[in-house]
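Here is a short note for a colleague who has not seen this structure before. Please read the points with the structure open.

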Amino acid sequence: HQNHHAYTETGYLPENFLPEFMDLVVWGHEHECLINPKLNPETKFHVMQPGSSVATSLVPGEAVTKQVAIVSITGREFKCEPIRLKSVRPFVMREIVLSEEKGAQKFARKEGNRTEVTRFLMSIVEELIEEANGEWREAQGIQNEEDEDDDEEPREPPLPLVRLRVEISTPDGGTFECENPQRFSNRFVGKVANVNDVVQFHRKKKNASSSRKTDATVDEASASRLAALDTVKVEQLVREYLASQSLSILPQNSFGDAVAQFIDKDDKHA
């Protein structure tokens, strides 16, 4: 029950840290459903990650079909039979770059384009709602309304979870005027379950290296070697980098006190 995905360099448990005498590892904690056991070629054991049985956050990993499985074990052999969950609220997610969408590119250079942008995004959300409802009917084995049995409970799909992430950067100039995300989302009351956060706007992050200059300068020879990573010697790079720096030594007691203030008292200026 640990992080399986390498969110940071050290914030997860690599599979090869587990003992190799294992045959099958069932991985908890992660919410993405990767139900089919996957062989780790290094340790020779299989890993299956059932994920969460319901969507708990609107992220891509949660939009994968939710499944459980029956694992049959005979001696050292096992067989996995996935079972798709039918009762889960459908969740679909899409990410778009507005400046790359054919129907939206022309809006960027038009003043007062909020109405057009809103209509365009609404049409995409309507598509996602249809997609979610279609997925739910497929999970129930319903091809059309005639397939419904009068003796069974009504098969009205639950309101779906829908998330549309929109990058609104305009690299070629112009701007996209976007409606308030909550107001936009409220347009789908009665159609979606998450009526306050259907849409999420963001801009492309600028490259930190171009926006923030550093005093350290690496000569062109070093830069060219850095481009060819397979030939780089880390020690040489570090030596060249340090040669252009003036290093400081921090007093131990003061440094320790500052860290304590920062951690314990949340003093951002420590």
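Predicted model: local features only at pLDDT ≥ 70, side-chain atom pairs only at ≥ 80, totals over all residues.

1. Setting aside residues up to four places away in sequence, Leu-164 touches Arg-94, Ile-96, Leu-121, Ile-124, Val-125, Leu-128, Val-198, Val-199 and Gln-200.

2. The largest core. Which residues have the most contacts inside the largest nonpolar core? They are Leu-98, Leu-121, Val-125, Val-162, Leu-164 and Val-166, in a core of 26 residues. The elements that each give two or more residues are strand S6 (91–97), helix H2 (114–140), strand S7 (161–167) and strand S8 (199–202). H2 supplies the largest share, eight residues.

3. Helix H2. This helix has 27 residues. From its first C-alpha to its last it reaches 39 Å, close to the 39 Å expected at 1.5 Å a residue. As background, an α-helix has 3.6 residues a turn, so residues three or four places apart point the same way. Just after H2 comes Gly-141, with a positive phi of about 80°.

4. Gln-49. Look for this residue in strand S3 (residues 46–49). Is Gln-49 buried or exposed? Gln-49 counts as buried, because its relative accessibility is 4%, under the 20% cut-off. Leaving aside neighbours within four places in sequence, Gln-49 is in contact with His-4, Trp-27, Glu-30, Glu-32, Cys-33, Leu-34 and Ile-35.

5. A surface patch. Val-234, Val-238, Tyr-241, Leu-242 and Leu-247 make a nonpolar surface patch of about 490 Å². Where is Leu-247 found? Leu-247 is in the loop between helix H6 (234–243) and helix H7 (252–264). Leu-247 counts as exposed because its relative accessibility is 68%, over the 50% cut-off.

6. The whole chain. The protein chain has seven helices and eight strands. Of its 270 residues, 25% are buried. Its accessible surface comes to about 19100 Å², and carbon and sulfur atoms account for 50% of that. Take the contacts between residues at least 6 apart in sequence: 58% of them join residues at least 24 apart.

Methods:
Residues numbered from 1 in each chain as written. Heavy atoms only, no water. Helix = DSSP H or I, 4+ residues; strand = E, 2+ residues; numbered from the N terminus. Buried < 20%, exposed > 50% of the residue type's maximum accessible area, 1.4 Å probe, protein only. Contact = heavy atoms within 4.5 Å. Areas by Shrake-Rupley, 256 points an atom, 1.4 Å probe, with all protein chains shown as cover. Core = buried A, V, L, I, M, F, W, Y, C linked by side-chain atoms within 4.5 Å. Expected span 1.5 Å × (residues − 1). Patch = residues over 30% accessible without salt bridge, like charges linked within 9 Å, V, L, I, M, F, W, Y side chains within 5 Å. Salt bridge = Lys/Arg side-chain N within 4 Å of Asp/Glu carboxyl O.
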